[in-house]
Structure formats: C-alpha cells, structure tokens
Amino acid sequence: MQTVMRTTLLLGSVALWSAASADTSDQKWQSKVLIAKDGEHCVDDPNCFNRYHPEIPTIATAKPGDYVTFETRDALDSDLQLDSVAEDLAAVDLNLVHPMTGPLFVETAERGDVLAVTLIDIIPDEYGYTVIAPGFGFLRDIYTEPYVVNWKLDNNVAVSDQMPGIAVPFEAFLGSVGTLPGEDEVATWKAREAALAAAGGAVAGPEPSGALPTAVCGPEGSHAADCLRTIPPRENGGNMDVQQMQIGTTMLFPCFIDGCGLFIGDVHYAQGDGEVGGTAIETGAVVTVKVDVRKGVSLPAPQVEGGAQIKAMEPSKFYQTVGLPLKDANEIPPTHSYIDGDELVGLSNLSEDLTLAARHALKQMIDYLTTNHNLTPEQAYILSSIAVDLRVGQVVDIPNYVVTAVLNMDVFQE
Amino acid sequence: MKRRTLIGAVLGLTAAPTLAASHSLYGQWVAYRQKHLLIGCYRGDDVGFELAKSLQVALDVELPEASARVARAPFPGRLARLLGTDQIPTAVLLPEIALGIAAGEGEFAPYGAVPLNVVAQVNDHLLVSRADFPEHHGALVFAALESSGMVRLPDANLAGLAVHPGVPTHLH
C-alpha cells in the first residue's frame, strides 16, 4: 500500500510537472498572420515594394482583430554594416528608398473606412545607422559631405564606437506606415506635387528606375508614370517619422481602397522630433500590429490614439535652446530658396516663420554640443537628429514665433 | 588661361548642377554626384578601394576642380547598376569585372550591358568610365593622373574594352 501511494504521489508529481511544463504556452487565442522577409533586398522579396499605387497587389490577408507580423527592411534597402564608411554611403542607390513590407488586405475594410493599427511590438535588428546624406536634412547647406555612424542595438540602448560616451535609449516606432492610395488620390497628389515642383518646391516625381514591384512601377511597368515615391508623407500616412507613435499607440488611417493595403517599413530605433539630420537610427525590425476596421467614421489624414507613451519618452534631464526667426542678411536658407521674393534676401528677421526659428534653435544646439560635450559638428548634427526634439514654443508673439531644441541629456553616460 | 581655370570652365562641375537640381528632392545629392567626380569601387575588392582612394588624393592635387570622391558599392552588381544608371561615371575595376559589366554577362546580366571605356591602367586594375563620359573630361583626368605618376596608358582594346577617346589619340 505504501508503495502504491508513493507511486501515486510520484505520478501525481509528474502530472503536475508535465502540466507546468506546458504552462501557458499551449493556450492560444490570437489569430496571427506573418509577412516574412525573403531574400537580401527588396528586389528579391515578393512581400516588398517601394512605390505607392492601388494596382500593387496585396500579398496577405487578415481579419479584423488579427495580429500581423511584418518583417521589415531599413530605409535605404542598403548594405551598410558595422564597419561602413562614408564612401559606402556615396554609393547608395536612392531609387530603392523606401522598401515597404506588404501590402496587407484587411477583410471587410472598404474605401471610406478607417483602419486602426495598434502597435504591439518592435524587435529591432542588431545593427542600425544614422547618416548625413548630401543634399538631405534640415541643415543640408552646411553639412554637405557623406557621414555614417554605425550603431550596435539591443532592446535597451544603442551605442556606437563613433559616438563614444553616448547611449541612446530604445524608443522605436514605424518611420513609415500607412495605406495604399486609390486612383483618385494618385491623380490628385501627383498633380499637386507637379504644380509644386513647377513652382520650385522640393518634390520627387515618379521614378521608374529601381521601382518595385517591377510589373506595376518599373520602367516597363503598367503604371510606371503614376507610382508615387515613398519619401513624402501624405494623407495615407507613409513616411511620417513621428516618434510619438510608440508601442501601445493606435494609429488611424483613411482607407482608400477595399482591403486598405496596409504597409509597414523604415523602423526608427530612436529619433528626435524633427529628425533634423535626415535620418534617425535606421534599422530593419520585426513588427507586430493588431488591425481593426472602424465603420461609419472617416478621416482626412492619419490620427493617433495614445496613453502614457509621451510621458515615458520625456528625459529626466534636458538642455534647451530657443530659436527665433532670425538669419544673416543676404542669407537664404535652402528651405526658403524656392520662395520668389527679392525682399527675403536682405532681411535678417522674418515674420511668423517656424522653419527659420527651428533652424536658429538647432544651430545653437549644435554649437552647445560641440562646445560643451566635445563633439565634432558632424557628431553633434547626428546626435541632434536622434536625441533633440524641436518643439513649438508659441505662434502668437509676432513677428517672432519660437521653436526650441530640447536635448535629452540622458544619452550621456556617466 | 591658366590650366586650372581652363579645367574648371571645361568640367563645369561646380555651381551649375547645384542650381539646376537644388529644388528637387535629393536634388542636391544628385548635384553632389555631379559636383564631384565619383570613382566607384566595391566592397570585397580591397585593392581597388585603396587604389580609388589614391586616385582621389592624386586628383585633389592635380585636378582639384574635379573634387573627386570615392563611392564604394556593396557588391559588383550594385556598382554595375550605379554605372548603368549614370549615378557614378567612373570606377576602378579588375579587367574581368569591367568586361563583365560592359557585356552584361554572368552575374551582371540583371543589369544589362553598360558600355565602358578604359581611361587608364592602375597597376592590375583599370580606371574605366561610362562610354558617354565626355572626351575632354577623360583627357583632363588622364592627364592629371599621368602627371601624378599613378597610372599608365591603357593598352589598345585591353580586355576587349575601347580606350576612352579623351586619351591622347596618338597614343592609341
């Protein structure tokens, strides 16, 4: 009897242990969809594209409430790596910007609905980069040569041998996320951008070379002249680069085609408000979102629902510069060069001008960083792109609106 | 006219492209690639990378108006694409790679044939250019590099590639 009891107890222990080994991992309720990465580059990957057009075929389907995982690529679809140098940046093919994963067909979604995308998780690659690209960035007239900083990433901080003493906290978000435009949107946006280009504005028109998918957007593609570039954000979202869209927030997008055509890419490991250098800490990542469809509501452009994410991102210590719309007489910043006005050149103070105020604040911040933190101007510009937030102070005190630059001092290691 | 003034006037590699392209997105990157004489090479060819950097240094001395810069592609195919789409005008390559790119064969088949000329020989490598690289540009680059002692005349039809027409005609 004693033996039986012992055996019974032993069996009971095994049974309990066995149940414990299964623990909670065998209990499933989520409906999941995986859009995997395939091949080294977007051109190798049937789940990747780099232009916007409604004829780009969706490559996966999800139901409302599904959890969808997107394996994404870096913004430049590049081959940059931990030992990359400026010469490597000079050879980047700009026609490949930005590789997007998708598009996803969401069942029941129709044109006119709102697609709700809740960001569940971002797992970054182990490598990321921040670059100064000639001709790009807020101070492109000052920083004219290629420059690369290579980052080692984990889910805590980013560090770089090229930025000693600095550790940037993990505050990842989706640089690009949105829905495909409809035929009407393509026509409208293409026309307005062409008009702006004709007026001298900074616009990239359709570029079939390097465009994906080739069958739709390539040089011989069915809609080569109408596939929109991914660089500007538009009413469908896209390259918004808004860091507050953190894990836990819900992004709302207008749906312009049935199924919406959700796409995701261009993950930023960290970025300051403004992304002033032109790039954040750019990386590929595995991104999981939850999708839902909202009927009976419509939006003119993306909007976001959030909780305490903004509070969590605030620095524990900061340094701030105050920018005013001031410039040197005879100076025309590149941001203003398309404005046709002889009076602009001679003025040293512009009226109600946030762009110029931001430039003033940023230049002061770079001076502060080079003077007080032993950084080169290039390092200071890079750090400003990923850890300095441009913020509007006020837009009422004419003529001098204020933009400040807020440095997150937490990036400096003890 | 001084030589460098002549070069600056002939190359026209400074202000004009900047003004022309400054208002388009990435326009100044395009201008960067026009403003600077880019010398391509690719990761994996370490000798070619070092030679390209040496040529840049030599051009900085002999032909500063060219404002030469090195651009290293991640792999040979990407360099073929950059040459073929006129994003980079010149490159330092091993002869067999140059021939492959020009013919658009083998690993370069996806990029199509990219007509190339040989501007100079640099040790075991070739300095090649797109076939439409202007004759006077080729002449100036060759003359500058020859002055530096870094390069020698290309053999006629070396590796099956035509010598650039800017290289003095009596030499080929």
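Q: How do you know that Leu115(A) lies in a strand, and what makes this residue buried?
A: Leu115(A) belongs to strand β6 of chain A, where helices (H or I, at least four residues) and strands (E, at least two) are DSSP runs numbered from the N terminus. A residue is buried if 20 or more other C-beta atoms lie within 10 Å of its own, exposed if 12 or fewer, and partly exposed in between, with C-beta atoms placed from the backbone. Leu115(A) has 27 other C-beta atoms within 10 Å and is therefore buried.

Q: What is the source of the model and its numbering?
A: This is a predicted model, in which local features need pLDDT of at least 70 and side-chain atom pairs count only at pLDDT 80 or more, while totals for chains, interfaces and linings use all residues. Residues are numbered from 1 along each chain as its sequence is written, and chains are lettered from A and ligands numbered from 1 in the order in which they are written.

Q: Which residues is Leu115(A) in contact with, leaving aside its neighbours within four places in sequence?
A: Two residues are in contact if their C-beta atoms, placed from the backbone, lie within 7 Å. Among the partners of Leu115(A) are Val106(A), Phe253(A), Cys260(A), Val291(A) and Val293(A). The C-alpha atoms of Leu115(A) and Lys295(A) are separated by 8.9 Å, although these residues are 180 apart along the chain.

Q: What makes a set of residues a nonpolar core, and which residues have the most contacts inside the largest one?
A: The term denotes buried Ala, Val, Leu, Ile, Met, Phe, Trp, Tyr and Cys residues joined through C-beta atoms within 7 Å. The largest such core has 153 residues, and those with the most contacts inside it are Leu115(A), Ile39(B), Leu55(B), Val92(B), Ala98(B) and Val128(B). Helix α7 (residues 354-372) of chain A supplies the largest share of this core, eight residues.

Q: Why are β1 and β17 of chain A said to stand at the edges?
A: Six strands of chain A form an open sheet in the order β1-β4-β16-β6-β13-β17, with mixed pairing. Here β1 (32-35) and β17 (303-305) of chain A each have a single partner strand, so one side of each is left without a neighbour in the sheet. On average, neighbouring strands of this sheet are turned by 30° against each other, direction ignored.

Q: How do you know that β6(A) and β16(A) pair?
A: Two strands pair if DSSP finds at least two bridges between them. Strand β6 (residues 114-124) of chain A and β16(A) are joined by ten bridges in the antiparallel sense, and Ile122(A) has Val287(A) as its bridge partner in β16(A). Strand β4 (residues 67-72) of chain A and strand β16 (residues 285-294) of chain A pair over six bridges, also antiparallel. Strand β13 (residues 250-254) of chain A pairs with β17(A) over three bridges in the antiparallel sense.

Q: Why are α4(B) and α7(B) called roughly perpendicular?
A: Axes are lines fitted to C-alpha atoms, for helices over the stretch in contact, and angles run from 0 to 180 degrees between N-to-C directions. Angles under 35 degrees count as roughly parallel, over 145 as roughly antiparallel, 65 to 115 as roughly perpendicular and the rest as oblique. The axes of helix α4 (residues 46-62) of chain B and helix α7 (residues 135-148) of chain B come within 9 Å and cross at roughly 100°. The two helices are therefore roughly perpendicular to each other. Leu55(B) and Ala58(B) of α4(B) are among the residues making the contact, as are Ala144(B) and Leu145(B) of α7(B).

Q: What makes Asn330(A) and Asn374(A) exposed?
A: Asn330(A) has 9 other C-beta atoms within 10 Å and is therefore exposed. Asn374(A) has 11 such atoms within 10 Å and is likewise exposed. Asn330(A) has a positive phi of about 75° although it is not a glycine, and phi of Asn374(A) is near 55°. Asn330(A) is placed in the loop between β18 (318-323) and α6 (342-346) of chain A, and Asn374(A) in the loop between α7 and α8 (377-387) of chain A.
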